[in-house]
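My notes follow in the order I checked things.

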Amino acid sequence: MLRNGLEPWHLLIVAIVVIVLFGSKKLPDTARSLGRSMRILKSEAKALKEEGGSDAAPGGQTRPTAPADAG
């Protein structure tokens with residue numbers, strides 16, 4: 001059924017639809033926001049990975065952390 005699910009002309013149609021929906025004036029701002037969000041996500045994932053490595057207690061067990069305040 002989906003043997004050749006994504007062909008080049010499918011991508012062209014999707015690009016045209018995106019341009020029509022969002023307009024050419026909003027696309028640069030949208031791309032900039034997406035890039036900024038991806039950088040933030042990447043830095044947070046890196047910080048979480050580094051934090052995960054330092055939380056390991058001797059013996060392979062992790063230390064319990066205090067719950068974050070909701071307010």
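I started with burial. Buried residues make up 0% of the 71 residues in this predicted chain. Buried here means under 20% relative accessible area.

Next I looked up the total surface. The accessible surface of the chain comes to about 6,900 Å². Carbon and sulfur atoms hold 64% of that surface.

Then I checked secondary structure. I found 1 helix and 0 strands. The helix, H1, covers residues 8–54.

I turned to charge pairing. How many salt bridges does a search of the whole structure find? The search gives 1. The partners are Asp-29 and Arg-32. Their closest N and O atoms lie 2.8 Å apart, and the cut-off is 4 Å.

I asked where the two partners sit in the helix. Asp-29 and Arg-32 are 3 residues apart in H1, so about one helical turn separates them. Side chains of opposite charge can pair when their charged atoms come close.

Asp-29 has 44% relative accessibility, so I logged Asp-29 as partly exposed. Arg-32 has 47%, so Arg-32 is also partly exposed.

Last, I looked for nonpolar surface. Trp-9, Ile-13, Val-14, Val-17, Val-18, Leu-21 and Phe-22 make a nonpolar patch of about 680 Å². Leu-21 is found in helix H1. Its relative accessible area is 65%. Exposed means over 50%, so Leu-21 counts as exposed.

Notes. Residues are numbered from 1 along each chain as its sequence is written. This is a predicted model: local features need pLDDT of at least 70, side-chain atom pairs count only at pLDDT 80 or more; totals for chains, interfaces and linings use all residues. Side-chain values use heavy atoms; hydrogens and water are left out. A salt bridge is a side-chain nitrogen of Lys or Arg within 4 Å of a carboxyl oxygen of Asp or Glu. Helices (H or I, at least four residues) and strands (E, at least two) are DSSP runs, numbered from the N terminus. Buried means under 20% relative accessible area, exposed over 50%, partly exposed in between (1.4 Å probe, protein chains only). Accessible areas come from the Shrake-Rupley method with a 1.4 Å probe; for residues, only the protein chains shown count as cover. Patches are made of residues with over 30% relative accessible area and no salt bridge: like charges are joined within 9 Å, nonpolar side chains (Val, Leu, Ile, Met, Phe, Trp, Tyr) within 5 Å.
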